[in-house]
Amino acid sequence: MATSLFDLFKVGIGPSSSHTVGPMVAAHQFAQQLASLDIIENITRITVDLYGSLGATGKGHGTGNAVLMGLEGEWPDTIDPSGVVDRVAQINKTACVSLLSRYPVTLNPESDLIYHRIDRLDFHANGMVLIAFDQQGTERHRSTFYSVGGGFIVEEDEQGQAVLQEDTTKLPHVFHSAKTLMALCHEQDKSIAQIMLENERYWRSEEEIQQGILSIWSVMKRCVQQGIQNEGILPGGLKVKRRAASLYKDLSSKTRMDMITPSLGAMDWVNLYALAVNEENAAGGRVVTAPTNGAAGIIPAVLHYYWEFCPRSSEEGIVTFFLTAAAIGLLFKENASISGAEVGCQGEVGSACAMAAAGLAAATGGSPEQIENAAEIGMEHNLGLTCDPIGGLVQVPCIERNAMGAIKAINSASMALRGDGSHYVSLDKVIQTLRETGLDMNDKYKETSRGGLAVNVIEC
């Protein structure tokens, strides 16, 4: 089905859109299915099986906690992150969850929430099966979901086929490639942002779109503020120290003249913004999926760079940034993947870098060709990037990787804006290469913590 900007940019909680946001939504939908089938009062026990990457790194990524909260009726955008730990502790103590907060059933996380570290389901690496039983132990309902990246989920039908809803939406501007998008811009003498805005009007008024975008921007800013206020050690056992607060104090004590050069001074602040967001994400705080949680710091960091360091920055530019970034993100989602479990971190950090580069180029006056070039540069130099989180946690190398992705995005936009938009490699070819590289990539480098740094650091 057609995807909106507000589907790509979703408010949720950390540390992972595919391992936390998607499973919470799936579990919530499963509980609602029991209610709609009018059997929820007869259910006495729930079991959950997590496969592929969900099974391999689900404990470190908070998947189990997300499933429990989803069954209890929570949504990622409204849940209070500060209460999750205590609620999960209570469920572990009582071996009981309250479906939709009203119907208590047995679910012992030790025995009923199973992480299959090796086995995976066919359709996608992030698979989960939820089963409901009655008092006699009879299976009353079963659902299989796939968390396909960015908080998006797909469900199997009764024949075991993943249900990809047929797209019947009639948008005014249909594009499935960068080439088509460029052609639309020229034929109608419109920018990428204008093309995207007219599509978004299918769902919302222009005022609602602008206010919705500025609301997302507000959540991103609050996330940065939270990140620079919180200190201490990130949860999970690696004892990773939060750095954003101390870096903020250091940078705030200096004037711009104290920096080595203005450009390097800006880079320090961009690093801070990205670190702040991704430390909040690693701590399970509220973030915006952009387009995933694992890459959630890149777009906010580049937006802050635009707002703080670019002359003539404005809210109109922020809206242009989001609309343009979303158009590029849709191309990655449709033609390749934004799931680290499917194509490695090139699909998460790489796509976010390209989206941010395109957004910045657009907000600073770039032509459609320059914007497409910025996105292409951003993705081209993330090709082959693996997803190998140490300890199954979204911390090392994930947090620093967002800072590097933000700097790459700014440089990509700068390089593109210095040219006339002509370039040798097209964005479409880079997206195709992303998909093919992901398919060729060994599974141990795709969010399983069975290869790369995840193995070598622990072994050392």
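Analyst: Buried means under 20% relative accessible area, exposed means over 50%, and partly exposed lies in between (1.4 Å probe, protein chains only). This is a predicted model, where local features need pLDDT of at least 70, side-chain atom pairs count only at pLDDT 80 or more, and totals for chains, interfaces and linings use all residues. Residues are numbered from 1 along each chain as its sequence is written, and side-chain values use heavy atoms, with hydrogens and water left out.

User: How many aromatic pairs does a search of the whole structure find?

Analyst: Rings of Phe, Tyr and Trp (its six-membered ring) pair if their centres lie within 6.5 Å; planes under 30 degrees apart are stacked, over 60 edge-to-face, and the rest tilted. The search finds eight such pairs. One is Trp217 with Trp307, edge-to-face at 6.4 Å centre to centre and 65° between the planes.

User: Which helices hold Trp217 and Trp307?

Analyst: Helices (H or I, at least four residues) are DSSP runs, numbered from the N terminus. Trp217 is in helix H9 (residues 206-229) and Trp307 in helix H12 (residues 298-309), so the pair links distant parts of the chain, 90 residues apart.

User: Is each of the two buried or partly exposed?

Analyst: Trp217 counts as buried because its relative accessibility is 3%. Trp307, at 32%, counts as partly exposed.

User: What kind of pair do Trp269 and Tyr273 form?

Analyst: A tilted one, with 6.1 Å centre to centre and 40° between the planes. Both residues lie in helix H11 (residues 262-282), four residues apart, about one turn of the helix. Trp269 and Tyr273 are both buried.

Methods. Helices (H or I, at least four residues) and strands (E, at least two) are DSSP runs, numbered from the N terminus.
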